[in-house]
Amino acid sequence: MFESQPLLEVPALSADPTWAEYFWHQLPYAIPGAITAVVGLALMGLAFLRVRDQKTEHLKSQCRWFGLLCLSLGSLGFILAARAVVYDRVLLRLIHDWVYVFVLLLVPATTGFIHAVTRREFRIVAIFEIASWLVFGVAVVGLVRGEVFEPSWTVFSFGLYPKGSVYLKPWFVLSMLGIAGFFPYVLWKSYRKVEDQGHRVIIIGVYLTVFLIFTNLPIMLGFPVFPGGNFMFLSLFVIAWGVFREDFLDANDLLFDKNGFFYFFAGLISIGF
């Protein structure tokens, strides 16, 4: 009798690996986050590049908020990828200190984008936006003081994760309130009112974004569940498709008529490597 052998046997990580051994062993966990980072930063560039070309202030506002949302989600993807492959905790803490401020923009950026997409019809969204900037400010104070995270780390098979301090609690609570009820309610009300296909696609994309953010909740509570935030590039693609249909990002003109495709592709390669 022949015993079946696994097609691919992954060697176990040693008790005290070098940074290179750790990097290559953990690399598969970092790939989704890295893709999100590349896609987010590329779409951010496309959005901000076309703000001036928009004909109305409404479209300019959508464009700005979309760019800011892409920056935040791209930064989140970068942080998640770094948590997967960086073994040096001092270096990983330094990455958080420099990059996490853009991740903290996630709640204000999501609220602002929803406010713009819904054409500022809901006054409660404006109130939520003010609250989101306030908790952002509290978290930034903790970040500047070097106290937004606790000194300890939680070790998972897919990376090292810090524990948020009291400075991060208001941001976390407000984001969960928005994700669990506020954002879906407002988006559903808006979805039922609009008939434009591009507008509806944007709303669906934001729904998907909210869902993927929600899948980060288990890891924030200490449960070893791979965070769905690594796959934010999926929701970014959906939103971007709706954005292009909305015509405040003329993808055809930008990518083909003005040789933009070459620069876009080259930018993806340079960011990725």
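Biologist: How many helices and strands does the protein chain have?

Modeller: The protein chain has eleven helices and two strands. Helices are DSSP runs of H or I with at least four residues, strands are runs of E with at least two, and both are numbered from the N terminus. The order along the sequence is α-α-α-α-α-β-β-α-α-α-α-α-α. This is a predicted model, where local features need pLDDT of at least 70 and side-chain atom pairs count only at pLDDT 80 or more, while totals for chains, interfaces and linings use all residues. Residues are numbered from 1 along each chain as its sequence is written, and side-chain values use heavy atoms, leaving out hydrogens and water.

Biologist: Why is helix 1 called roughly antiparallel to helix 2?

Modeller: Their axes cross at roughly 170° and come within 7 Å. Over 145 degrees counts as roughly antiparallel, under 35 as roughly parallel, 65 to 115 as roughly perpendicular, and the rest as oblique. So helix 1 is roughly antiparallel to helix 2. The axes are lines fitted to C-alpha atoms over the stretch in contact, with angles from 0 to 180 degrees between N-to-C directions.

Biologist: Which residue classes make up the contact of helix 1 with helix 2?

Modeller: That contact divides into 22 nonpolar, seven polar and two charged residues. Ala, Val, Leu, Ile, Met, Phe, Trp, Tyr, Cys and Pro count as nonpolar; Asp, Glu, Lys and Arg as charged; the others, Gly among them, as polar.

Biologist: What makes helix 2 roughly antiparallel to helix 3?

Modeller: Helix 2 (residues 57-85) and helix 3 (residues 89-103) pack at about 160°, with axes 8 Å apart. That angle makes helix 2 roughly antiparallel to helix 3.

Biologist: Which residues of helix 2 and helix 3 meet?

Modeller: On helix 2 they include Leu71, Leu76, Phe78 and Ile79. On helix 3 they include Leu92, Ile95, Val99 and Phe102. Contact means heavy atoms within 4.5 Å. By class, the contact of helix 2 with helix 3 has eleven nonpolar, three polar and one charged residues.

Biologist: How do you know that Ile239 is buried?

Modeller: Its relative accessible area is 0%. Buried means under 20%, exposed over 50%, and partly exposed in between, using a 1.4 Å probe and protein chains only. So Ile239 is buried. Ile239 sits in helix 9 (residues 232-246). Its contacts, not counting residues up to four places away in sequence, include Phe66, Leu69, Phe113 and Ile202.

Biologist: Why is Leu174 called buried?

Modeller: Leu174 has a relative accessible area of 12%, so it counts as buried. This residue of helix 6 (residues 169-193) touches Val107, Phe128, Ala131, Ser132 and Val135, not counting residues up to four places away in sequence.

Biologist: What makes Pro28 exposed?

Modeller: Pro28 counts as exposed because its relative accessibility is 53%. Pro28 lies in helix 1. Across the whole chain, 49% of the 273 residues count as buried.

Biologist: What makes Arg145 and Glu147 a salt bridge?

Modeller: The closest N and O atoms are 3.4 Å apart. The rule asks for a side-chain nitrogen of Lys or Arg within 4 Å of a carboxyl oxygen of Asp or Glu. Arg145 and Glu147 form a salt bridge. The count by this rule is one.

Biologist: Is Glu147 buried, exposed or partly exposed?

Modeller: Glu147 has a relative accessible area of 32%, so it is partly exposed.
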